[in-house]
Every structure is written in C-alpha cells, then in structure tokens.
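The sequence and the model are shown first.

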Amino acid sequence: MTTETQPLLLAGKPVADAILAEVKHGIQDLLIKGHVAPPQLVVIVVGDDPASHVYTQRKAVVAQDVGMRSQRIALLASTTQEQLLHHIAALNADADVHGILIQLPLPNHINTHTVLAAVDPRKDVDGFHPQNLGKLLGAWDARQNPVALPCTPAGTMTLLNHYGIELAGKHAVVVGRSTIVGKPLAQLLLQANATVTVCHSQTVDVFAHTRQADIVCVAIGRPGWLTADAIQPGAVVIDIGINRLGDDHPTRAGKLAGDVDFDSVALKASAITPVPGGIGPLTIATLMQNTLKLFVS
Ligand code: NDP
C-alpha cells in the first residue's frame, strides 16, 4: 500500500540555516554588549580517518561563518592516550576555550570513555561526558537537561519539532543504540512522551518492530537498509545514517547514502528526511548552538 500524496520532505538545511543565523546574531549581540571576544570551539581529531577530517574541517568552517573562533587540532594516529589527555587538560585549563569536541572514532589504542570523561563537563559541546549523559538520563523533562545535548539526537528533535511531528503518545522505534545517537535519541523521545522501542543488532525480527512504528529513526550505518516493506503506511521516517557508497554500488560509488532506501520508503511514508540534507546539517548547527550556550552559561 502506498500513500496517495507525496510525503512531507523533512529538509534539514533550511532549519539548520535558521539556527546558524540565530547563533550568529547571538554572538554579535554579545559582542555589542561588551564581550571582548566571541566563543572559541576547539575540535580535536586523531588519526587519518578521511571522513573525520572532512567533518572536522566542516565544523571549523561553520564555526567561523557564525563568528566564533575555532581551532582544529589534528593529531597523528600514533598519538598516545596520555598525550591526548595532556592536550585536553590544557584546553580545560584555558579560560579562553568554551567548547571542546573530540571527533570520534578514536584509534583503537585509545580508550574513548576515558578520553570523553577527561573533557571538562562545562566545555563538553557534544554532551558525551558521563556527567552530562547522566543528567540527560535523570531529567524528567527538557528543563532538567544538561546545557549541551548530544548534537545529532538534539538536532533530530529540533527537526521533528520544526515540522510539527507529533510525538506524545506515538510509538517511536529507534534502530541503533550507540551512545552518540541511538541511546540519547531514545531518551529525548521519551521526554517528549513518545513510547519508545530501541532495536539493535541482536534484536529478533527488527522489522516486526519498525512495522508497528508511527516514527522510525534509523542510525545503524548500513546504506538502504530500511525498505518500504519494513514500515507501516503513513509512518514518519528519520534517516540518520551517513554512508559513503563503495564500488559495490557501481552507478553511485563515492556518493553519500542514508540507512533508508529513500525511493521505496518515500512512496509509503507520510514524512521522510533526505540524505544528504536531512539530519546532517542539523548536527553541525546544534554544535554551534551548544558552543554558544556553554559560552553564556
Ligand atoms: P555505531 O556503529 O556506533 O552503532 C550502530 C548501531 O546500529 C549499533 O547499536 C548496532 O547494534 C546497530 N546495528 C547495526 N546493524 C544492525 C542491524 N542490522 N539491525 C539492527 N541494528 C543494527 O554507529 P553510530 O551510531 O555512530 O552511527 C550510525 C549511523 O549514523 C552511521 O551511518 C553514521 O555515519 C551516522 N551518523 C550520522 C550523523 C549525522 O550527523 N547525521 C552523526 C553520527 C552518526 P549493536 O549495538 O548491537 O552493535
């Protein structure tokens, strides 16, 4: 069965642009009111992962576009955990640094939990410090949340809110349970009074769950994984995946694709995010929003 009308395209770019304009205006306002310098965001990337370098360069460019100061520290793959912790300690101690972002994934010889826990929670722009994740888990509602929420889940909620997608009482199925996307997103959906199911690689018959969902959010890193037969007619589909297609997709090799088979799912969904241009722009815009929030808090 297909929906008779075109689905609502949940484009992230215009929403992200509006957030960035607001952040830029907020920074200008602070400077007019007497702040001597704009917020400073520092991004640390370790190793040679090409995608990580592209993402961190993009974050630095956007930070400058909105009038922030930004620093990108690129460390060799051979950097030891101790050396990385030393960099973080110096940034924690620098009163002129307001946001610190550790680009993930880190090389295997570095313990991600130890590194994320070393960032000053007051400068934790990604909201991954255990203290901030704990606050998110303990919050009864949005007012008790930490200052900075994980960017991709928070950006997803902004998008849903912008397009007026009703969440209260709805059944949301989140596929993927990473600490950076699936788990915090499930928590934010719960706060919005959705009934939430979280699926992962050990879930038996994932599609039996997605077929019951009013809202399906997919973040697993498998191109085109969610197909039309895995949703119910009229579902809202949020594609968080960003995958660079390889040579096994001869006509689209090198292009970006989400975790959702857009062409088939769009015929059945009531609303759907595109990839690229959906959640991705909101992740970066939320990062800028978080940096400004930490600066003023
Ligand atoms: P992870 O690899 O950390 O987590 C993937 C999750 O998907 C795991 O929980 C895993 O289960 C689950 N999973 C994998 N295969 C299946 C399957 N066949 N069925 C059900 N669950 C499955 O990935 P991330 O959360 O970091 O990223 C997920 C995707 O989101 C990627 O494509 C990434 O590029 C994208 N992403 C996009 C962002 C954006 O700005 N739009 C930002 C961050 C990520 P288990 O826990 O059991 O292993």
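## Core and domains

Leaving aside neighbours within four places in sequence, M288 is in contact with L20, V23, L41, K59, V62, A63, V66 and M68, where contact means heavy atoms within 4.5 Å. The model is a predicted one, in which local features need pLDDT of at least 70 and side-chain atom pairs count only at pLDDT 80 or more, while totals for chains, interfaces and linings use all residues. Residues are numbered from 1 along each chain as its sequence is written, and side-chain values use heavy atoms, with hydrogens and water left out.

The largest nonpolar core has 50 residues, and M288 is, with L189 and I238, one of the members that touch the most others. Helix 10 (residues 279–296) supplies the largest share of this core, nine residues. At least three core residues come from each of domain 1 (35–120) and domain 2 (150–280). Such a core is a set of buried Ala, Val, Leu, Ile, Met, Phe, Trp, Tyr and Cys residues joined through side-chain atoms within 4.5 Å. Helices (H or I, at least four residues) and strands (E, at least two) are DSSP runs, numbered from the N terminus.

The chain is divided into domain 1 and domain 2, with bounds from an automatic or database domain assignment. Taken over C-alpha atoms, the centres of the two domains are 28 Å apart.

L104 is found in the loop between strand 4 (99–102) and helix 4 (112–118). Residues up to four places away in sequence aside, L104 touches S52, T112, L116, F128 and I180. From L104 to A186 the C-alpha distance is 20 Å, at a sequence separation of 82 residues.

Q81 belongs to helix 3 and is partly exposed, with a relative accessible area of 22%. On this scale buried means under 20% relative accessible area, exposed over 50%, and partly exposed in between (1.4 Å probe, protein chains only). With the same exclusion of sequence neighbours, Q81 touches H109, I110, N111 and T114. Q81 and T112 lie 31 residues apart in sequence, with 9.4 Å between their C-alpha atoms.

## Salt bridges

The structure holds five salt bridges, each a side-chain nitrogen of Lys or Arg within 4 Å of a carboxyl oxygen of Asp or Glu.

| D29 | K33 | 3.1 Å |

D96 lies in the loop between helix 3 (81–93) and strand 4, and R69 in strand 3 (residues 69–75), so the pair ties together parts that are 27 residues apart in sequence. D96 is partly exposed at 34% relative accessible area, and R69 is partly exposed at 24%. D29 counts as partly exposed at 31% relative accessibility, whereas K33 counts as exposed at 65%. D120 is buried at 11%, whereas R122 counts as exposed at 63%.

## Nonpolar surface patch

V54, Y55 and I242 make a nonpolar surface patch of about 260 Å². Patches are made of residues with over 30% relative accessible area and no salt bridge, like charges being joined within 9 Å and nonpolar side chains (Val, Leu, Ile, Met, Phe, Trp, Tyr) within 5 Å. Accessible areas come from the Shrake-Rupley method with a 1.4 Å probe, and for residues only the protein chains shown count as cover. I242 is found in the loop between strand 8 (236–239) and strand 9 (243–244), and is partly exposed, with a relative accessible area of 40%.
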